[in-house]
Amino acid sequence: MYHIKSDQRSQSSAAVIVRGLQECLKNTPLKSITVTDIHRVTGISRATFYRLFDTPEDVLIYQLDQMTEASADIYLTQQELSTVELMEKTMALGLQNHDFLKALVVNGRHDLLFAYTERNFRKLDQHKQIFPSDMTKEERNYVIAHMSMSMVASLITWARNGQRETVQEIMRYQKCYLRVMGSLMEES
């Protein structure tokens, strides 16, 4: 867990720790990174680290939550964009943090990626109402779960491919997936 207060000092220390973890991830798998490694890179004391985070993995969770908040800001401030354009902007924000996304993939933390994408789809629906009004809560939950897993699969594939595809290419692959799924479902 992380315990970051809203004061400037805590926020600044957390940002330094995030950058330190990002630096460590360039050469070391997440499971091998220690608080000492982050201290060595950042100069932030162990006491400060433990005041803000319990584990290095919590730094990733914090960063994902920060990215979710940034996505919500995009939804609020750029409401004139289409839903696809908003999704592309959100994905671009995620891909900018490729070290974190890659670390989650490499370390098999797909659950954290799923939670991140699920929160984003729920926030997008709050701001853009992407689902038909006649959908039940259960239907929405299933659709969000499927959309989230599809995005996680795209992020996993992107990380395994060396992060070379653009946001537009990933969105094109998502459309291919949906086209194939739609035709398979119509066969039944």
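Reader: Is threonine 90 buried or exposed?

Author: Threonine 90 counts as buried, because its relative accessibility is 8%. Buried means under 20% relative accessible area, exposed means over 50%, and partly exposed lies in between, with a 1.4 Å probe and protein chains only. Please note that this is a predicted model, in which local features need pLDDT of at least 70 and side-chain atom pairs count only at pLDDT 80 or more, while totals for chains, interfaces and linings use all residues. Residues are numbered from 1 along each chain as its sequence is written, and side-chain values use heavy atoms, with hydrogens and water left out.

Reader: Which helix holds threonine 90, and what is it in contact with beyond its neighbours in sequence?

Author: Threonine 90 belongs to helix α5. Setting aside neighbours within four places in sequence, its contacts are Ser71, Tyr75, Tyr116 and Asn120. Contact here means heavy atoms within 4.5 Å.

Reader: How many helices and strands does the chain have?

Author: The protein chain has nine helices and zero strands. Helices (H or I, at least four residues) and strands (E, at least two) are DSSP runs, numbered from the N terminus. The C-alpha trace spans about 60 × 35 × 30 Å along its principal axes. Of the 188 residues in the protein chain, 39% are buried.

Reader: Back to α5, then. At what angle do α5 and α9 pack?

Author: Helix α5 (residues 83–96) packs with α9 at about 125°, and the two axes are 10 Å apart. The axes are lines fitted to C-alpha atoms, for helices over the stretch in contact, and angles run from 0 to 180 degrees between N-to-C directions. The two helices are therefore oblique to each other. On that scale, under 35 degrees is roughly parallel, over 145 roughly antiparallel, 65 to 115 roughly perpendicular, and the rest oblique.

Reader: Which residues of α5 and α9 meet?

Author: From α5, Val84, Met87, Glu88, Met91, Ala92 and Leu95 meet Val167, Gln168, Ile170 and Met171 of α9.

Reader: What about α8 and α9: how do their axes cross?

Author: The axes of α8 (residues 137–160) and α9 (residues 167–187) come within 11 Å and cross at roughly 130°. That pair is therefore oblique as well. Ser150, Met151, Ser154 and Trp158 of α8 meet Ile170, Met171, Gln174 and Tyr177 of α9.

Reader: Is arginine 172 buried, exposed or partly exposed?

Author: Arginine 172, which lies in α9, is partly exposed, with a relative accessible area of 44%.

Reader: Changing topic: how many aromatic pairs are there?

Author: The structure holds four aromatic pairs. In one of them, the rings of phenylalanine 49 and phenylalanine 53 have centres 5.6 Å apart and planes at 40°, so the pair is tilted. Phenylalanine 53 and tyrosine 62 form an edge-to-face pair, with 5.7 Å centre to centre and 75° between the planes. Rings of Phe, Tyr and Trp (its six-membered ring) pair if their centres lie within 6.5 Å; planes under 30 degrees apart count as stacked, over 60 as edge-to-face and the rest as tilted.

Reader: Which residues do the ring pairs link into a cluster?

Author: The cluster consists of Tyr2, Phe49, Tyr50, Phe53 and Tyr62. Phenylalanine 49 counts as buried at 2% relative accessibility, phenylalanine 53 counts as buried at 0%, and tyrosine 62 is buried with a relative accessible area of 6%.

Reader: Which residues have the most contacts inside the largest nonpolar core?

Author: That core has 51 residues, and those with the most contacts inside it are Ile17, Leu21, Leu25, Phe53, Leu60, Leu95 and Leu101. A nonpolar core is a set of buried Ala, Val, Leu, Ile, Met, Phe, Trp, Tyr and Cys residues joined through side-chain atoms within 4.5 Å. Apart from neighbours within four places in sequence, leucine 21 is in contact with Leu30, Ile33, Ile38, Pro56, Val59, Leu60 and Phe100.

Reader: Lastly, which residues of α6 are buried, and what covers them?

Author: In α6 (residues 98–106), the buried residues are Asp99, Phe100, Leu101, Ala103, Leu104 and Val105. Their cover includes α1 (8–25), α4 (56–77), α5, α7 (110–128) and α8. After α6 comes glycine 108, whose phi is positive, near 65°.
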